[in-house]
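Let's take a friendly walk through some side-chain contacts and helix packing. Have the sequence and the model open beside you as you read.

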Amino acid sequence: MELSRLKRITALAGVASLAIVTSGCGGGGSDEPASAENPIELSVTTFGQFGYDDLYAEYEEQNPGVTIEATNIDGSANARVDAFTKLAAGSGLSDVVAVEEGWLGQIMEVSDQFVDLNDHGAADIKDNWVDWKFEQGTDPDGRVIGYGTDIGPQALCFNQELFEAAGLPTDREEVAELFGDDDATWETYFDLGRQYNETTGKGWYDQSAFVWNSMVNQMDEGYYTADGELNIEGNEAMRAQFDLLAAGTADGLSANQKQFDWGKGKAFVDGSFAVHVCPAWMLGTIKEQLESAGGGTETGWDVADVFPGGNSNWGGAFLSVPESSEHPAEAAKLAAWLTDPEQMVKQSAAANNFPSTLDAQAEIVEAAVPNELFNDAPYGEIFASRAEGVVAQFKGPDDSVIQENVFAPALKILDNGTGTADEAWNEAITLLNDLVVNN
């Protein structure tokens, strides 16, 4: 285990101190199968909207002797802090741990601290997944350390009522055409935002950072090159996208909302903004926010099969089994069951996300169950369309740190109107050097 690496990652997240541990801190767990005569408890840690509660109960019923102790952490960033603090301490991780795509690169740097799922049948089920998702969970030595859960193909959410008030089309197919269908661009996205703002005086998008995340995830290479080198300073294409966003925000298109808060969901019901970037998992987040603010189907949210710049992926997760697990075989069995296509269909319905297994995707599309909260949108069909041709971008070890601790605060300069594009970009470079390059 690379202790300096773990300490730096957790320090970036605000952890005051970490225990000193030695390498190879495995749990030496038992492989004796669970049964009524040999009861075991399996702990699982997830974050955000995973939709597993009913599945846990189903698994316990099917597997006498297994009791699941579930913990759900509020948000991926907090889950990252929790995971790396416990990795550095050498204890405390659950038997099954959810890992977000954005910090999978950090996990890969200590992949020896996770069970190789090849030892528990991963090769036999690898064809369940879209190939790039399975490859993401495989380390450079060929060890499979994570089974994929969902993926995040990006569509565009919009508010019908706000569009109608601004004289824009409200039918989702007409909205897709408005943005350009397969030829949709960010330039059109921002131009429509200016038109909307001039008509209504209101924000177009919730805040700049989520738009930026979508733009970066769409590039062939993001914060890192495919070879694992930092890819920000001197990256003219990335800077051009940043300037495009900065110009839109300077023109009043940002509603300057707090990420993952939105005034406890009120901004989704009070007309603060009209569009939202929507990787599939975001629909579950919006649902939670609407319910928190007392909103429902009457709020007018819908989702269109279109995205500026074309098809891309933002996010998705994996289930991993730490070497410290006392029951690695049973934990691997549970992780495989939770990510089996049959269970993924149920998870998708519960969490409003989109599965990474092919059979689950096909079943959701065929079922054509409308999403009531989003104006009965054909959820499966839309996100299957948005997933076509997507190949996940390489994520380096500090990808989530750069997203959350470098660009998010720099972009607040734009949202708050306290600086120019140059000043915001320079702040990002300063934070990059302080938090990543010089650590």
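Y189 and F190 are both buried. Keep in mind that this is a predicted model. The ring centres of Y189 and F190 lie 5.1 Å apart with the planes at 85 degrees, so the two rings meet edge-to-face. Y189 and F190 also belong to one aromatic cluster, whose other members are F158, F163, F179, W186, Y196, W204, Y205 and F307.

Aromatic pairs in this structure come to a count of 38. Another one of them is formed by F47 and W103, with a tilted geometry: 6.3 Å from centre to centre and 45 degrees between the planes. Here the chain brings together distant parts, since F47 sits in strand β1 (residues 40-47) and W103 in helix α4 (residues 101-108), 56 residues apart. F47 and W103 are both buried.

Here are the two pairs side by side:

| Pair | Centre to centre | Angle between planes | Arrangement |
|---|---|---|---|
| Y189 and F190 | 5.1 Å | 85 degrees | edge-to-face |
| F47 and W103 | 6.3 Å | 45 degrees | tilted |

Rings can meet charges too. The charged end of K133 is placed over the ring of F318, at 4.0 Å from the ring centre.

Now for the cysteines. How many disulfides does the structure hold? There is one, and it joins C157 to C278 with an S to S distance of 2.1 Å. C157 belongs to strand β4 (residues 147-159) and C278 to strand β5 (residues 275-279), so the link ties together parts of the chain that are 121 residues apart in sequence. The angle about the S-S bond is -115 degrees, and the link between C157 and C278 is left-handed. Are these two cysteines buried or exposed? Both C157 and C278 are buried.

Finally, let's look at a pair of helices. Two packed helices are described by the distance between their axes and the angle between them. For helix α11 (residues 236-250) and helix α17 (residues 399-416), the axes come within 9 Å and cross at roughly 40 degrees. Which residues make the contact? From α11 they are F242, L245, A246 and T249, while α17 contributes F407, L411, L414 and D415. Sorted by class, the contact between α11 and α17 has six nonpolar residues, one polar and one charged.

How values were computed: Residues numbered from 1 in each chain as written. Predicted model: local features only at pLDDT ≥ 70, side-chain atom pairs only at ≥ 80, totals over all residues. Heavy atoms only, no water. Disulfide = S-S within 2.5 Å. Helix = DSSP H or I, 4+ residues; strand = E, 2+ residues; numbered from the N terminus. Buried < 20%, exposed > 50% of the residue type's maximum accessible area, 1.4 Å probe, protein only. Phe/Tyr/Trp six-rings, centres within 6.5 Å; stacked < 30°, edge-to-face > 60°. Lys NZ or Arg CZ within 6 Å of the ring centre and 35° of its normal. Axes fitted to C-alpha atoms, helices over the stretch in contact; angles between N-to-C directions. Contact = heavy atoms within 4.5 Å. Nonpolar A, V, L, I, M, F, W, Y, C, P; charged D, E, K, R; others polar.
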